[in-house]
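Hi,

Here's the structure I said I'd pass along. Have a look at it first, then read on for what turned up.

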Amino acid sequence: MKLDRLLAKHDSMGRSRARGLIAAGRVRVDGETVRRNDHEVDRFMNVTLDDHAIQKGQRLLHLMLHKPAGVLSATSDPVHRTVIDLIDDPDRQTLHLVGRLDRNTSGLILLTNDGRWSKPLMDPATKVPKVYLVETRDPIPSSAVDAFAAGFHFHTEDLVTLPAELEILGDCLARLTLHEGRYHQIKRMFHRIGNRVEKLHRESIGTITLPPDLAPGGWRILERDEIEGAAARRSSA
Ligand code: URA
């Protein structure tokens, strides 16, 4: 919203009075005097008029969570426990999820109330890599590496999946890197080679990796370098 509009709504002072106050240098945004009427302000900014609060900036939140299998990737649900239920922060209701996992998948979930940060992270065009550990019912043949790199045609969406990197770690264990997130994508890919996913765990999203000391059900606020690193990776993508 433009600064003059936000101010005009305060005490219904109107736009011309608001503009007069801005021109007089009496309005500050995050502590800095702003003299432009069209200065963009969002709900996270502090706006003051002669040291009186016009808008108290909302707290920005970026966090990671270790989703246990069985918990829903949703913000609310009438029946099942959701990832939001695991977070005991007073502002948890402001959060949205940066991508989802199936109910029986465990691992890294990012949550934020910062749409500008999450939007490019979720945009398929940015192709942010997501790394998963996959346990399968049957042994994974070495030919699967080429098949995952070549992509699979998904009839429902009528598309070919982007090249995915499969690293076979054991008979029935692999690490898979995807650059997109289609519905049940990994389960469908393994189904296409006649196998079945028994366990799925997300290890990382872009530059952010689930730390080994964050137990299932645990969460923590992201460090500044984690937040900025994810943003930097995106802008160079
Ligand atoms: N692919 C799946 O099949 N499930 C997930 O939860 C994530 C990717």
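**Around the ligand**

The ligand sits in the largest pocket. Bear in mind that this is a predicted model, and everything below is computed from it.

The residues surrounding the ligand are L101, D102, T105, Y132, H184, Q185, I186, K187 and L200. Sorted by class, that shell comes out as four nonpolar, three polar and two charged residues. Helix α5, which spans residues 185–192, is the biggest contributor to the shell, giving three residues.

- T105 puts a polar side-chain atom 2.9 Å from an oxygen atom of the ligand.
- K187 comes in through its backbone, with an N or O atom 3.1 Å from a ligand oxygen.
- H184 also uses a backbone N or O atom, and here the distance to an oxygen of the ligand is 3.3 Å.

As for cover, the ligand on its own has 240 Å² of accessible area, and the protein covers 94% of that.

Cheers

Note on methods: Residues are numbered from 1 along each chain as its sequence is written. This is a predicted model: local features need pLDDT of at least 70, side-chain atom pairs count only at pLDDT 80 or more; totals for chains, interfaces and linings use all residues. Side-chain values use heavy atoms; hydrogens and water are left out. A residue is near a molecule or strand if one of its heavy atoms lies within 4 Å of it. A polar contact is a pair of N or O atoms within 3.5 Å; within protein, one must be able to donate a hydrogen and the other to accept it, and residues adjacent in sequence count only if both atoms are side-chain atoms. Accessible areas come from the Shrake-Rupley method with a 1.4 Å probe; for residues, only the protein chains shown count as cover. On a 1 Å grid over the protein atoms alone, a cavity is a set of points where a 1.4 Å probe fits but cannot get out, and a pocket is an open set with protein on both sides within 12 Å along at least five of seven lines; lining residues have an atom within 4 Å of a point. A molecule sits in a cavity or pocket if more than half of its atoms lie within 2 Å of its grid points. Helices (H or I, at least four residues) and strands (E, at least two) are DSSP runs, numbered from the N terminus. Ala, Val, Leu, Ile, Met, Phe, Trp, Tyr, Cys and Pro count as nonpolar, Asp, Glu, Lys and Arg as charged, and the others, Gly among them, as polar.
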